[in-house]
Amino acid sequence: MEKHMKPLLQENANSELIGILVAVLAIVITLVILFAIWRRRKSVGQNIILTGLSDAGKTLIYARLLCSKFVQTHTSVKENIGDINVNNNTLRIVDIPGDERLRYKFFDKYKISAKGIIFVIDSVTFQKNIRDVAEYLYNLLSDIDGHKKLPILILCNKQDQTMAKGCSVIKSLLEKELNLLRLTKTNQLEATDATSSNVFLGKSNKDFEFDHLNSKVEFAESSAFTKDPETPSQIEALDAWLQNVM
């Protein structure tokens, strides 16, 4: 009897051991999958896109955020990417080129993972470039406003210069220009394709206002150009906005 019992006991012990190993392996695989999902979710939606026309001062602002110092910059032909710490969380800043031939390509690349957008304006040359600024901003807003709500900061840069316009003036002029641009584009669409599903910015039968958008749009002023290490750059409003975004 004992001769028959020993193999049975050994077989049961082996079965239990295999069962335990399978259970442990299943737990490990589950933990690995959950960790991968957590890492993926953590990385999605953590990009802040820094954009605007060329020479608006985007790359210098990018350098100020990452290095807190003045650096010589030149017109970018590719994106600059770096991480900053905000409220004990990592936020990735993506500075995309302002050149008309490149900016839409890079914006399309990063918009899906965007947590917010900083649109930088040269406050000195704004009046001269208002049409180009409004056109680019209109296209960005049309691209995202109908699909997702994103916090947007329109940063009126170079406020240290005497000819710079304040953000309240820029906001008012932009709303008027965007209103005209919206009317023009709407008429063009109606003339070419009455069934077009393009996003209508703002509220119909009302003049364009940023407050009418799905996305929250804020305005702030900044000045990042100062070579003196003892003189801090004026980007406090930007820092405060980034903290609120987190």
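The protein chain exposes about 14900 Å², of which carbon and sulfur atoms supply 54%; accessible areas come from the Shrake-Rupley method with a 1.4 Å probe, and for residues only the protein chains shown count as cover. This is a predicted model, in which local features need pLDDT of at least 70 and side-chain atom pairs count only at pLDDT 80 or more, whereas totals for chains, interfaces and linings use all residues. Residues are numbered from 1 along each chain as its sequence is written, and side-chain values use heavy atoms, with hydrogens and water left out.

**Overall fold**
- The protein chain has six helices and six strands, taken as DSSP runs (helices H or I, at least four residues; strands E, at least two) numbered from the N terminus.
- Along the sequence, these elements follow the pattern α-β-α-β-β-α-β-α-β-α-β-α.
- Of the 246 residues, 39% count as buried (under 20% relative accessible area).
- Among contacts (heavy atoms within 4.5 Å) between residues at least 6 apart in sequence, 73% join residues at least 24 apart.

**Lys58**
- Lys58 lies in helix α2, which spans residues 58–67.
- Lys58 is buried without a salt bridge (a side-chain nitrogen of Lys or Arg within 4 Å of a carboxyl oxygen of Asp or Glu).
- The nearest side chain of opposite charge to Lys58, Asp95, is 5.2 Å away.
- Not counting residues up to four places away in sequence, Lys58 touches residues including Leu50, Leu53, Asp95, Pro97 and Val120.

**Cysteines**
- The whole structure contains zero disulfides (pairs of cysteine sulfur atoms within 2.5 Å).
- Cys156 is in no disulfide, and its nearest cysteine sulfur is that of Cys167.
- The sulfur of Cys167 is 5.2 Å from that of Cys156, too far for a bond.
- Cys156 is buried, with a relative accessible area of 0%.

Note on methods:
Buried < 20%, exposed > 50% of the residue type's maximum accessible area, 1.4 Å probe, protein only. Lys, Arg positive; Asp, Glu negative; His and termini not counted.
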